[in-house]
Amino acid sequence: MKRFFLTLLLFATFLSTITAQYFPIDTAKLNNAYRALLQNPQSKELQLDFFRAFPENWDDFNSTYRYSDKVGYDLSMYSQAYEHIKALAECYAINDTLYCNKLIALSVGATLDADAPNHLQELLHYVMQQRNNVFMYCLSEIEKGHQMQFWQFYWSNIVDGQSQKEEFEVLYNINKETYPCLMETMSIAFKYFNNKVLFMGDFK
């Protein structure tokens, strides 16, 4: 009986280790694409390779770049999150619609936290300024519930910053005629999530 429980404990530990090391995407492909892009950042082909290798949705993104204090957890991707997101921000050759749809997919269901999620949120705000027309059109094409999930993450903040209020007013005023329903959803999310959300790591 003791041998049985010892075997069961070792098996559970083994499964835990496998889970801790699991990445939902091909990280070797992603890292190779990133290194190649560094050598020739203006290459449209290399930008596309990196863009395609980058995680496709929030679950994959979070599983790839999250932090864990578990013993033996592989933090190699966590440590590269900022540089990878920076490279994604500089993929200017990618079609605007493809680019915005990918950012939306990465953001739907996302939760604010330090490091990778925070860097992703910063990228969203930057791209929203640069490609507003396309971004709003892409958002208008997804389900309303997913729109709300996107705006929740977009406006989640732990501080009451004037810049967020100013950005909200600008976005609302330039899009309220073309996308009134989308702006209504955005307004609700801003009301409940701006300056009202802690980092998930701080939530008790």
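1. Lys 86 comes out as partly exposed because its relative accessibility is 38% (buried is under 20% relative accessible area, exposed over 50%, partly exposed in between, with a 1.4 Å probe and protein chains only). Its salt-bridge partner is Glu 90, with the closest N and O atoms 3.1 Å apart; a salt bridge here is a side-chain nitrogen of Lys or Arg within 4 Å of a carboxyl oxygen of Asp or Glu. Glu 90 is partly exposed too, at 35%.

2. Before going on: this is a predicted model, where local features need pLDDT of at least 70, side-chain atom pairs count only at pLDDT 80 or more, and totals for chains, interfaces and linings use all residues. Residues are numbered from 1 along each chain as its sequence is written, and side-chain values use heavy atoms, leaving out hydrogens and water.

3. The salt bridge count is three. One of them pairs Lys 102 with Glu 56, at 3.2 Å between the closest N and O atoms. Lys 102 sits in helix 6 and Glu 56 in the loop between helix 3 (44-53) and helix 4 (58-65), so parts 46 residues apart in sequence are tied together. (Helices are DSSP runs of H or I, at least four residues, numbered from the N terminus.) Lys 102 is buried at 5%, while Glu 56 is partly exposed at 42%.

4. Asp 96 and Arg 131 also form a salt bridge, 2.9 Å from N to O. That one links Asp 96 in helix 6 to Arg 131 in the loop between helix 7 and helix 8 (132-140), 35 residues apart. Arg 131 is buried at 11%; Asp 96 is partly exposed at 33%.

5. Now the packing: the axes of helix 6 (residues 96-107) and helix 7 come within 11 Å and cross at roughly 145° (axes are lines fitted to C-alpha atoms over the stretch in contact, with angles from 0 to 180 degrees between N-to-C directions). Helix 6 brings Tyr 99, Cys 100, Leu 103, Leu 106 and Ser 107 to the contact, and helix 7 brings Leu 120, Leu 123, Leu 124 and Val 127 (contact means heavy atoms within 4.5 Å).

6. Cys 100 is buried, at 0% relative accessibility. Its sulfur is 5.2 Å from the closest cysteine sulfur, in Cys 138, which is too far for a bond. The model holds zero disulfides, a disulfide being a pair of cysteine sulfur atoms within 2.5 Å.

Key:
Helices (H or I, at least four residues) and strands (E, at least two) are DSSP runs, numbered from the N terminus.
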